[in-house]
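Please keep the sequence and the structure in view while reading.

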Amino acid sequence: MTGRFIVVDGVDGAGKSTQVERLAAALRARGHAVHVTGEPSGWPIGQLIRRYLRGELRDGVPGWSSMALLFAADRMQHVEHEILPHLEAGEVVLCDRYDPSSIAYQSAIGPDGADRTELMRWIALLNGHARRPDLVLLLDLDPQLAAARRTQRGGEAELYETLELQRRIRACYAELPAVRPNDRLVRVDASRSIDEVHAQMLAEALALLDVSR
Ligand code: TYD
């Protein structure tokens with residue numbers, strides 16, 4: 001039987017990586033074979049994207065729309081060469097970020113005054129042939145709380161800008177159900193303790209895996 005595809009996504013600083021690790025460990029402890037991956041992927045297009053994100057490549061830095069296309073291309077390569085083979089082997093594939101990140105980030109970064117919903121729909125369409133996840137766990141956290149968790153202090157202006165963008169990103173995530181009505185999206189309140197967040201995520205994952213057995 002084919003495996004199950006679970007995506008963990010959400011705003012920066014919500015504790016995604018910690019939760020992905022804990023969820024993988026808990027599922028393995030229950031006897032599931034789990035393949036952990038994430039995006040941008042480790043495949044060539046993903047590596048190129050990371051070089052741009054780190055500011056290592058200064059030549060022809062892609063704007064929001066070419067970035068959306070790069071992320072979509074990386075995703076399709078990731079699906080074809082990594083995600084599908086592991087699913088076909090019957091494993092649980094746990095992916096740290098997937099097309100919800102593209103839909104939320106690239107449309108939030110899009111031009112000022114743009115129709116945000118229209119941008120979200122375009123990016124959703126671009127990713128229309130990417131394997132749909134069986135479950136998407138969306139970690140939601142007030143960007144101010146996320147920033148406070150990350151740093152004790154920050155330059156006022158810079159922090160403000162970052163917060164503005166993070167707020168737009170969060171608002172786009174909140175609109176995701178309208179753009180991806182057929183995906184099983186579950187909002188997870190990440191302001192709670194690591195244990196509480198983990199418990200909800202594990203319960204959701206087990207509910208999916210138990211019915212698929
Ligand atoms: P990474 O360092 O992996 O961030 P995180 O640990 O928060 O996952 O870098 C990924 C960055 O790329 C993150 O800021 C979100 C962004 N991103 C997009 O803008 N669009 C996408 O489709 C994906 C997958 C990530």
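## The ligand and its shell

The ligand is surrounded by 13 residues, and the closest include Arg75, Arg97, Ser102, Tyr105 and Gln106. Here a residue counts as near a molecule if one of its heavy atoms lies within 4 Å of it. The model is a predicted one, in which local features need pLDDT of at least 70 and side-chain atom pairs count only at pLDDT 80 or more, while totals for chains, interfaces and linings use all residues. Residues are numbered from 1 along each chain as its sequence is written, and side-chain values use heavy atoms, with hydrogens and water left out.

By class, the shell around the ligand holds four nonpolar, three polar and six charged residues. In this scheme Ala, Val, Leu, Ile, Met, Phe, Trp, Tyr, Cys and Pro are nonpolar, Asp, Glu, Lys and Arg are charged, and the others, Gly among them, are polar.

In glutamine 106, an N or O atom of the side chain lies 2.8 Å from a nitrogen atom of the ligand. For aspartate 12, the distance from a side-chain N or O atom to an oxygen atom of the ligand is 3.2 Å. Arginine 50 has a polar side-chain atom 3.4 Å from an oxygen atom of the ligand.

Taken alone, the ligand exposes 550 Å², and the protein buries 76% of that area; such accessible areas come from the Shrake-Rupley method with a 1.4 Å probe.

## The largest pocket

Where does the ligand sit? Its place is the largest pocket, in the sense that more than half of its atoms lie within 2 Å of the grid points of that pocket. Helix H2 (44-53), helix H3 (64-88) and helix H4 (99-109) each give two or more residues to the shell around the ligand. H4 gives the most to this shell, with four residues. Helices (H or I, at least four residues) and strands (E, at least two) are DSSP runs, numbered from the N terminus.

A pocket is an open set of points on a 1 Å grid over the protein atoms alone, where a 1.4 Å probe fits, with protein on both sides within 12 Å along at least five of seven lines; its lining residues have an atom within 4 Å of a point. The largest pocket contains about 400 Å³ of space, a volume being the space filled by probe spheres set on the points. Its lining has 19 residues, of which Leu53, Phe71, Tyr105, Gln106 and Ile109 lie nearest the centre. H3, H4 and helix H7 (156-179) each give two or more residues to this lining, and H4 gives the most, with five.

## The second largest pocket

The second largest pocket has a volume of about 180 Å³. H7 supplies the largest share of its lining, four residues. The lining divides into seven nonpolar, no polar and three charged residues.

## Two backbone features

Most residues other than glycine have a negative phi, and most peptide bonds are trans. Glutamate 39 and proline 40 are joined by a cis peptide bond, with omega about 0°. Proline 40 is in the loop between strand S2 (34-38) and H2.

Arginine 97 is not a glycine, yet its phi is positive, at about 80°. This arginine lies in the loop between strand S3 (92-96) and H4.

Conventions:
A polar contact is a pair of N or O atoms within 3.5 Å; within protein, one must be able to donate a hydrogen and the other to accept it, and residues adjacent in sequence count only if both atoms are side-chain atoms.
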